[in-house]
Amino acid sequence: MARMSESMTTVETAGDNPTITLRPKPRSAPIDKLGRKLHDLRISVTDRCNFRCKYCMPKEIFGAAYKFMPREMVMSFEEIARAANIFVQLGVRKLRLTGGEPLVRKGVEELVERLTAIRAPNDEPVDIAMTTNGSILDKKAKALAKAGLKRITVHLDAIDDTIFKFMNDVDWPVAKVLAGIEAARAEGMHPIKVNTVIKRSNNVGEILPVVRHFRGTGITPRFIEFMDVGNTNGWSMEEVVPGDEVISIIQKEFPLVRLDPTSAGETAQRWGFADSNGNWDPKLGEVGVICSVTHPFCSQCNRARLSSDGRVYLCLFATTGYDVRMMMRQGASDEEIKAKIESFWSARTDRYSELRSSLTPEIRARRHKIEMSYIGG
Ligand code: SF4
């Protein structure tokens, strides 16, 4: 009989030849200073992207001369999977792959395969998702699905091709992204969500066309308020279309009913399309709004973020992160890294979106935030 220890427990299988395996005892997820339990990890697999969306990676800054991260600084798939596993042992149950643009990282499906093999201490499944601009999804959907990716979120800022090309600023046709969404659906991915960032002077007129396109298709569009992420997107409150305004624009054509969140820490407000009796008709589907500016949700924020060079950040608007890649490359054990992440999270007080309106423009300007293209949305 194996000797038991503080951190280990045994799992005995039933039947005639029971086997006893030693497993790390599930440890409860760390809780931060504001009572938020770590649950989600967003993993940026690259700082590179093939789009130049104005609210994230404006061409003026991220032009031909821009120096992206040298390859040796980028975490290998093995290192990313190891870090993800450490977070899962710490209580994370949802992993989201982001970028830059995750699909431009060669062989990303191999990483998906590695992540789908990760098991939580009590064999609980880990939910794996990806956020992509969908530019090459039509080519990648089959391999991603084969690797185990079950659900996906696609950024799509317009249905109108001219506006779409203006927003991505690389002349990428909307038809290719719509084809990518269809390819993901054909591979059985579900749910499929579509994220649309609304910038008043660019695409407020695209709210209804996006809704008309996806209503009743089982694909859920969500409208994201333009945020002051990073330091390069020229953010101003005038350019923000509040979620409440988005809902009222939609309700001019489609009656909606407010729905309950599906999980703690969900960022989107859910609204269901109503039938003629004013009740939600699930066949018509739903629409969401993500209101980080006008209805901050920091009190529920259970997300950590891992950059492609292996730094852990505790907020999308953070200024510093903790380098776990260095620990790995210096030979630290999983237990040592777990302890570091646990202490980092436990000391967390981040709630930038709640504080934004109380910060003067000078203070906001002095705060050198990480770029969204570096850490993912
Ligand atoms: S501002 Fe930071 S703390 Fe607040 S919800 Fe966003 S990521 Fe979380």
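**View 1. The shell around the ligand comprises six nonpolar, one polar and six charged residues.** In this classification Ala, Val, Leu, Ile, Met, Phe, Trp, Tyr, Cys and Pro count as nonpolar, Asp, Glu, Lys and Arg as charged, and the others, Gly among them, as polar. Of the 13 residues around the ligand, those that come nearest are Cys298, Cys301, Cys315, Leu316 and Ser353, where a residue is near a molecule or strand if one of its heavy atoms lies within 4 Å of it. The model shown here and in the other views is predicted, so that local features need pLDDT of at least 70 and side-chain atom pairs count only at pLDDT 80 or more, whereas totals for chains, interfaces and linings use all residues. Residues are numbered from 1 along each chain as its sequence is written, and side-chain values use heavy atoms, with hydrogens and water left out.

**View 2. Twelve strands form an open sheet with mixed pairing.** Their order is β9-β10-β11-β8-β7-β6-β5-β4-β3-β12-β13-β14; strands (E, at least two residues) and helices (H or I, at least four residues) are DSSP runs, numbered from the N terminus, and two strands pair if DSSP finds at least two bridges between them. The edges are taken by β9 (256-259) and β14 (322-323), each of which has a single partner strand, so one side of each is left without a neighbour in the sheet. Elsewhere in the sheet, β7 and strand β8 (residues 220-225) run parallel and are joined by six bridges, with Thr196 standing opposite Phe223 in β8.

**View 3. Strand β3 (residues 40-44) is largely enclosed by the rest of the structure, because five of its five residues are buried.** Buried here means under 20% relative accessible area, exposed means over 50%, and partly exposed lies in between (1.4 Å probe, protein chains only). In a regular strand the side chains alternate between the two faces of the sheet. Asp40, Arg42 and Ser44 point one way from β3, while Leu41 and Ile43 point the other way, and all are buried. Five bridges join β3 to β4, the two strands running parallel, and Asp40 stands opposite Lys94 in β4. With strand β12 (residues 303-306), β3 pairs in the parallel sense over four bridges, and the bridge partner of Arg42 in β12 is Arg305.

**View 4. Arg151, in strand β6 (residues 151-155), counts as buried at 12% relative accessibility.** Its side chain makes a polar contact with the side chain of Asp127 (2.9 Å); such a contact is a pair of N or O atoms within 3.5 Å, of which, within protein, one must be able to donate a hydrogen and the other to accept it, and residues adjacent in sequence count only if both atoms are side-chain atoms. The peptide bond from His190 to Pro191 is cis, with omega near -5°, and Pro191 lies in the loop between α5 (174-186) and β7 (192-198).

**View 5. Asn133 lies in the loop between β5 (127-132) and α3.** Asn133 counts as buried at 6% relative accessibility, and its side chain makes a polar contact with the side chain of Asn50 (2.9 Å). Beyond residues up to four places away in sequence, Asn133 touches Cys49, Asn50, Phe51, Glu101, Val154, His155 and Val177.

**View 6. Asp169 and Asp171 are found in the loop between α4 (161-168) and α5.** Phi of Asp169 is near 60°, a positive value in a residue other than glycine, and phi of Asp171 is likewise near 60°. Asp169 is buried, with a relative accessible area of 18%, whereas Asp171 is exposed, with a relative accessible area of 58%.

Definitions and conventions:
Contact = heavy atoms within 4.5 Å.
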